[in-house]
Amino acid sequence: MGSKYTKRYSEEFKRDAIALVDSSGKTVTAVARELGISSESLRGWYRRAKADRGEGESGELTSAEREELKRLRKKVREQQQTIEILKEATAFFVKENDR
């Protein structure tokens with residue numbers, strides 16, 4: 001269970017906070033203080049928004065890319081399981097035919 005101070009913020013609130021950083025020329029820390037939120041939270045949202053706009057650190061994934069990666073990893077796991085099952089079935093039938 002998280003600390004009792006952990007709040008969930010709406011996507012709209014996050015977007016507005018990020019827009020405020022972009023438009024006000026103030027630092028993330030200053031905007032966070034004005035909004036009464038932790039600067040770590042706002043910094044994380046801001047970094048993710050920049051990545052999603054293609055302005056992130058080199059090699060940083062957008063949210064869409066992150067989702068795609070999760071989907072592809074799941075698919076690979078499922079395919080590996082299928083391959084193992086087929087290998088076992090093949091070995092079984094080869095043995096059956098050798099009798």
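1. The helix α2 passes α3 in a right-handed crossing, where right-handed means that the near helix is turned clockwise from the far one by less than a right angle, and left-handed that it is turned anticlockwise. Helices here are DSSP runs of H or I with at least four residues, numbered from the N terminus. This is a predicted model, in which local features need pLDDT of at least 70 and side-chain atom pairs count only at pLDDT 80 or more, while totals for chains, interfaces and linings use all residues. Residues are numbered from 1 along each chain as its sequence is written, and side-chain values use heavy atoms, with hydrogens and water left out.

2. Two packed helices are described by the angle between their axes and the distance between the axes. For α2 and α3 the angle is about 120° and the axes are 9 Å apart, the axes being lines fitted to C-alpha atoms over the stretch in contact, with angles from 0 to 180 degrees between N-to-C directions. The two helices are therefore oblique to each other, since angles under 35 degrees count as roughly parallel, over 145 as roughly antiparallel, 65 to 115 as roughly perpendicular and the rest as oblique.

3. Where α2 and α3 meet, Val28, Thr29, Val31 and Ala32 of α2 are in contact with Ser39, Leu42, Arg43 and Tyr46 of α3, contact meaning heavy atoms within 4.5 Å. The residues of this contact divide into 5 nonpolar, 2 polar and 1 charged; here Ala, Val, Leu, Ile, Met, Phe, Trp, Tyr, Cys and Pro count as nonpolar, Asp, Glu, Lys and Arg as charged, and the others, Gly among them, as polar.

4. Ser39, which is found in helix α3, counts as buried because its relative accessibility is 17%, and buried means under 20% relative accessible area, exposed over 50% and partly exposed in between, with a 1.4 Å probe and protein chains only. Leaving aside its neighbours within four places in sequence, Ser39 is in contact with Val28, Thr29 and Ala32.

5. The packing of α1 with α3 has an angle of about 85°, with the axes 10 Å apart, and these helices are therefore roughly perpendicular to each other. Phe13, Lys14, Ala17, Ile18, Val21 and Asp22 in α1 meet Leu42, Trp45, Tyr46 and Ala49 in α3, a contact with 8 nonpolar, no polar and 2 charged residues.

6. Lys14 lies in helix α1 and, at 18% relative accessibility, counts as buried. Apart from its neighbours within four places in sequence, Lys14 is in contact with Tyr9 and Trp45.

7. Between α1 and α2, the axes come within 10 Å and cross at roughly 130°, so these helices are oblique to each other, and their crossing is right-handed. Phe13, Ala17, Leu20, Val21 and Ser24 in α1 meet Val28, Val31 and Leu35 in α2, and the residues of this contact divide into 7 nonpolar, 1 polar and no charged.

8. The largest nonpolar core has 11 residues in all, among them Ala17, Val31, Leu42 and Trp45; such a core is a set of buried Ala, Val, Leu, Ile, Met, Phe, Trp, Tyr and Cys residues joined through side-chain atoms within 4.5 Å. At least two residues of this core come from each of α1 (11-24), α2 (28-35) and α3 (39-52), and α3 gives the most, with 4 residues. Leaving aside its neighbours within four places in sequence, Leu42 is in contact with Ala17, Ile18, Val21, Val28, Val31, Ala32 and Ile37.
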